[in-house]
Number of protein chains: 2
Amino acid sequence: MTVYNKVNDEFINKLSESVEGKVFTADQINEDFSHDEMPIYGSYQPDVLVAAKSTEDVSKILKLCNEYKIPVLARGAGSGLVGSGVAINGGVMIDMQGMNKILEYDLDNLVVRVQPGVYLHDLAEDCLTKGYMYPPDPGEKFATLGGNVSTNAGGMRAVKYGTTRDYVRAMEVVLPTGEITRFGAVVSKTSTGYSLKDLMVGSEGTLGIITELTLKIVPQAKHTISLIVPFESLDECIATVPVLFRANLKPQAIEFMERKIILASEKYIGKETFPKNIEGTDVNAYLLITFDGDNEDEIDVLMEQAAELLVENGAIDVLVADTPSAIKDAWAARSSFLEAINSQYKLIDECDVVVPINKIAPFINFVNEIGEKYDFDVQSFGHAGDGNLHIYTVSNDEDKLDEFNKQVHEFMEEIYAKAYEFGGQLSGEHGVGHGKLKYLKEYEGQLNTDLMRGIKKVFDPNMILNPGKVVSAE
Amino acid sequence: MTVYNKVNDEFINKLSESVEGKVFTADQINEDFSHDEMPIYGSYQPDVLVAAKSTEDVSKILKLCNEYKIPVLARGAGSGLVGSGVAINGGVMIDMQGMNKILEYDLDNLVVRVQPGVYLHDLAEDCLTKGYMYPPDPGEKFATLGGNVSTNAGGMRAVKYGTTRDYVRAMEVVLPTGEITRFGAVVSKTSTGYSLKDLMVGSEGTLGIITELTLKIVPQAKHTISLIVPFESLDECIATVPVLFRANLKPQAIEFMERKIILASEKYIGKETFPKNIEGTDVNAYLLITFDGDNEDEIDVLMEQAAELLVENGAIDVLVADTPSAIKDAWAARSSFLEAINSQYKLIDECDVVVPINKIAPFINFVNEIGEKYDFDVQSFGHAGDGNLHIYTVSNDEDKLDEFNKQVHEFMEEIYAKAYEFGGQLSGEHGVGHGKLKYLKEYEGQLNTDLMRGIKKVFDPNMILNPGKVVSAE
């Protein structure tokens, strides 16, 4: 078990003297920094918060923490869902949100260089003004890009465009020792030793702190169209997804949703867009599909091919949204799932398991079936195009927190076991953090988690950087 | 410095008793196994060659080698260019070519499960018979897929489809201790701890031996068209490449070539397809571009847009190849560059440096300029779409091998330095092996190579697996 030192006045003085960014302690630190968007994993206040201004700040902080053996972590917008950006051991938290400059576009190589504290929203918008697109599109637009890279964030458009990993060309990294280095290059193709860059992507701030990113961008698709596709059953709904892929229709996004969550979300936003009954047939599941392309003809061809295949394979109808406001309406309910859940329930836990796409229906059916045994409610939705499923366990029995946690643990054990049986994995895009760490060894195996621990120690011999996340403290 | 034991009779007996595959020693081993396709890096005969039949064979061999501290490596088709698959420390070589079954297609998830000894050519052909495509397309079609993954092989179509890394979903791996594990899953999206799978891709057989692969496939593009585009100067030629990307024309391949190598290659194949002079203007550089798509209309639109942009930006002409035989002819010269070089010269060395695409022209101009200082000839060609350049140093002065090697080393130092100055890297697709190892620390830095060494030791505490490749022997 690693023993860390406590922050003392000498340390704080040294820190304050050496960094450019502002240093906050104790009561000066806003309570928001004590948790992320999944407060059920606990509240942990850092002892010191530094609003970093530069790579040099980050380097000096890490050097000092390494010398004093004080735990330290970087935090973006705090929008994570597994507690990766929470100071569970106290110590120093580095707020990266001040390092938020879009530094330089290189339109010959189609890359942009940014600081890690830039919000996804801001880069996405800025690219569009130039006629380009930054494709990764996770639900939370006010996450930082550093956070997106650290979890290999996926999002809606991963189906066509891939995940954040596919857009990271290079990065500047401060190692836990304070040393500054670079991984990767502007180039799209490399075979120059082990891919340290790919090791950093998805490592949840445990191997080094990213202080600059070079990200790939693409020309903006000029047209999009969305389809709302109602089905009588979830099985029929999910079964159409491989059909669309095999026909090479390249959807930008394919989300599925069950009746229950649409009802809850439409109630929350106060607007009904999804049909509930069509000519006497109850709708129990939906696909929400978007196509994008460079011209309307291309999109129309895709849409017609898709509509034909969908109806042939059991869709009750195909509703087309082809204007910006209709597309916005079609996505409004989907975009509000999380808020709808947050507004309805006091106790919320979740997982974002990923399964092969042809296993989504049996998996969700299994989840619904075992969900009956538990006191909490289960709300599920997810990315039908990549098998990444968001399964929420929710309750309002605030006074039964321990029982809720116990039952959720049993439930998660059951569903993770089923996901692995189906060839899936623990997390598609949220990561492991400390919230899911207890499951990692069980499902990824001792051998793989031992390798991860070994790698962690190579980067961080004193285990000071974001301890207790991804790799257990032991 | 790690000290290895010598193979003795006891070891060979134990090995022969425990594995299913055939065991060869000393003179029974064909001389071909002593080098790869770059014999200038030396000839090293393994002491033992085992033709592995199964994962269990590989596991038993590694367990035994680890116990006896005997160096061991896996070898595919031996088509590498940096000596990764050569037994520079003697010991045991595992021939993986017998593990060559295409195991199972899963067309719901668009993946195929294969053994690592399957040749790229065989998987590519097999996919096509089913209407699918395995996109990675390195020049050497009779490389094994295990080898392709181990070097993150790129190839012609990387511009549109990405490199081998983008097609690896999961793998079974035998660790140097003999333990068997799996990295990754069938799913397209994952954030489940450090990406051990991505660490394996491009690690050149130094971290573990891949015994099974799950690879992504895509629906086959139904139509292709190629353009031969002549330019008066290399600068004009390369300057058009970003223009095509910004117009979102998504070429499948863009190769560039200078006049000199076209002349040599056309002489070798005995057929002239590339124009040398157009209405009095000498052609000094060419682009060879392919577009693919699902229907002819789509391709025609792309081709017309491209032709217009190319001529606007300095192309002398645009020659269209739109029948299979015309496309084959257009690519024949390009496909024969290596053979043409091999047939002409006795001493050959090369590098496959990668630079940002807008630096290709200044880089090649630099290479041509400094090439003048040396006794050898320089032949260059490369992937204009991704900046990956193949630069050959060639000579027929067989009796001046030492001088050739000395001059090549100086030349490589100059061009690697320039590549890094331009934001590039050492290798785009061939890897480091032992042939390029001496340059890795210099250009990737002590810090990064120390991290690589640390990672190597986590996987391979006794440093028995493919020692002296990627990570230096100390």
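Q: How many helices and strands are there in chain A?
A: In this predicted model, local features need pLDDT of at least 70 and side-chain atom pairs count only at pLDDT 80 or more, while totals for chains, interfaces and linings use all residues. Residues are numbered from 1 along each chain as its sequence is written, chains are lettered from A and ligands numbered from 1 in the order in which they are written, and side-chain values use heavy atoms, leaving out hydrogens and water. With helices (H or I, at least four residues) and strands (E, at least two) taken as DSSP runs numbered from the N terminus, chain A has 15 helices and 20 strands.

Q: What is the radius of gyration of chain A?
A: The globule rule, 2.2 Å times the number of residues to the power 0.38, is compared with a radius taken over C-alpha atoms. For 474 residues the rule gives 23 Å, and the radius of chain A is close to this, so chain A is as compact as a globular protein of that length. The computed radius of gyration is 23 Å.

Q: What share of the 474 residues in chain A is buried?
A: Buried means under 20% relative accessible area, with exposed over 50% and partly exposed in between (1.4 Å probe, protein chains only). Under that cut-off, the buried share of the 474 residues in chain A is 61%.

Q: How many residues does each of domain 2 and domain 3 of chain A bring to their contact?
A: The domain assignment, whose bounds come from an automatic or database source, places domain 2 at 102-219 and domain 3 at 223-338 of chain A. The C-alpha centres of these two domains of chain A lie 30 Å apart. Where they are in contact (heavy atoms within 4.5 Å), domain 2 of chain A brings 6 residues and domain 3 of chain A brings 10 residues.

Q: In which loop of chain B is Asn152(B) found?
A: Although Asn152(B) is not a glycine, its phi is positive, at about 50°. Most residues other than glycine have a negative phi. Asn152(B) counts as buried because its relative accessibility is 4%. The loop that holds Asn152(B) is the one between α4 (145-150) and α5 (158-161) of chain B.

Q: Is Met463(B) buried or exposed?
A: Met463(B) lies in the segment after α15 (446-459) of chain B, and this non-glycine residue has a positive phi of about 50°. Its relative accessibility is 7%, so Met463(B) counts as buried.
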